[in-house]
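Please examine the sequence and the coordinates shown below. The briefing after them is arranged by topic.

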Amino acid sequence: MRMRQKTTLRMRITRRRLLQAYALLFEHFGPQNWWPAETQFEVIIGAILTQNTAWSNVAKAIENLKALHALTPEGIRDLPLPRLLNAIRPSGYYNIKAARIQNFIKVFFERHHGDLKAFLDLPADHLRKELLEIRGIGPETADSILLYAAGRPVFVIDAYTVRVLVRHGYLAEGIGYDEAQKWFMKRVPLDVSLFNEYHALFVALGKYYCKSTPQCHGCPLESM
DNA sequence: GACCAGGCACATC
DNA sequence: GATGTGCATGGT
């Protein structure tokens, strides 16, 4: 019993620190306005295209698809593979990503007949399970879709998030996706707008700090 | 010219 | 279960 009280106390302290870190990051970087997309469908395609890729490259691919008026479920479905490949080429890994996009579209039309609202309105655990069954959609891509397209309180773990939390001593190096996600979500309020902004702020921080040296001069979290 | 970027699947041990 | 590898463009 005493052990459990200690654990709970430690979790409360960490929760306060994590919320304090959020406040400092928000103050330093400002609102990140994620996800940079006009539609929910655009979020889904962007989530696949940005796998291990700089967003600036993804933006070009998105623009190409828009220029083809193909950034809709039907548009992608009806786009011949060579044109899809050509459009998403700037985002890199284009052969694999085209297959992944088509995998998604195939399952989406087969199971949900192109009804995006119904699809995204599925219970969160059900939706996540269906997404993970699609070859080419892993935990991070699925959770990005859950949070940024479906508006569910699911925290996205990515390379930046892990790196920041490891550098600041919260997580052990080599921690797995599910474990890191559970750790975080047990300690902060399950709030969509908080998760939305916090994840984007981790990325913003990770782009400039927490890279090579344990102590980064000028880090907005330096005072913690 | 090396290095990195908002992962994932697959092979191998 | 852990570890290694291929996938590819564009910016620094």
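The following points cover the DNA-facing surfaces, the helix packing and the backbone geometry.

This is a predicted model, in which local features need pLDDT of at least 70 and side-chain atom pairs count only at pLDDT 80 or more, while totals for chains, interfaces and linings use all residues. Residues are numbered from 1 along each chain as its sequence is written, and chains are lettered from A and ligands numbered from 1 in the order in which they are written. Helices (H or I, at least four residues) and strands (E, at least two) are DSSP runs, numbered from the N terminus.

- A residue is near a molecule or strand if its C-beta atom, placed from the backbone, lies within 6 Å of it.
- There are 25 residues around DNA strand B, and those that come nearest are Gln51, Asn52, Gly138, Glu140 and Thr141.
- At least two residues of this surface are supplied by each of helix H9 (139–149), helix H10 (159–167) and helix H12 (192–208).
- The helix that gives the most to the surface near DNA strand B is H9, with four residues.
- The surface near DNA strand B comprises twelve nonpolar, nine polar and four charged residues. In this classification, Ala, Val, Leu, Ile, Met, Phe, Trp, Tyr, Cys and Pro count as nonpolar, Asp, Glu, Lys and Arg as charged, and the others, Gly among them, as polar.

**Surface near DNA strand C**

- The residues around DNA strand C are Asn52, Thr53, Ala54, Ser56, Asn57, Arg89, Pro90, Gly92, Tyr93, Tyr94, Asn95 and Ile96. The elements that give two or more residues to this surface are H3 and helix H6 (94–112).
- H6 provides the largest share of the surface near DNA strand C, three residues.
- By class, the surface near DNA strand C has five nonpolar, six polar and one charged residues.

**Helix H2 and its packing against H3**

- Helix H2 (residues 40–49) packs with helix H3 (residues 55–67) at an angle of about 135°, and their axes are 10 Å apart. Axes are lines fitted to C-alpha atoms, for helices over the stretch in contact, and angles run from 0 to 180 degrees between N-to-C directions.
- H2 and H3 are therefore oblique to each other; angles under 35 degrees count as roughly parallel, over 145 as roughly antiparallel, 65 to 115 as roughly perpendicular and the rest as oblique.
- Glu42, Gly46 and Leu49 in H2 meet Val58, Ala61 and Ile62 in H3, where two residues are in contact if their C-beta atoms, placed from the backbone, lie within 7 Å. The contact of H2 with H3 has four nonpolar, one polar and one charged residues.
- H2 is mostly covered, with seven of its ten residues buried. A residue is buried if 20 or more other C-beta atoms lie within 10 Å of its own, exposed if 12 or fewer, and partly exposed in between, with C-beta atoms placed from the backbone.
- The buried residues of H2 are Val43, Ile44, Ile45, Gly46, Ala47, Ile48 and Leu49, and they pack against H3, helix H5 (81–88), H6 and H9.

**Helix H10**

- In H10, Thr161, Val162, Val164, Leu165 and Arg167 are buried.
- The buried residues of H10 pack against helix H11 (177–185) and H12.

**Backbone geometry in the loops**

- Most residues other than glycine have a negative phi, and most peptide bonds are trans.
- The peptide bond from tryptophan 34 to tryptophan 35 is cis, with omega near -5°. Tryptophan 35 is found in the loop between helix H1 (2–29) and H2.
- Asparagine 52, in the loop between H2 and H3, has a positive phi near 50° and is not a glycine. Asparagine 52 counts as exposed, because it has 9 C-beta neighbours inside 10 Å.
- Histidine 113 lies in the loop between H6 and helix H7 (116–120). Although histidine 113 is not a glycine, its phi is positive, at about 55°. Histidine 113 counts as exposed because it has 10 C-beta neighbours inside 10 Å.

**Further exposed positions**

- Alanine 54 is found in the loop between H2 and H3 and is exposed, with 11 other C-beta atoms within 10 Å.
- Glutamate 222 lies in the segment after H12 and counts as exposed, with 11 C-beta neighbours inside 10 Å.
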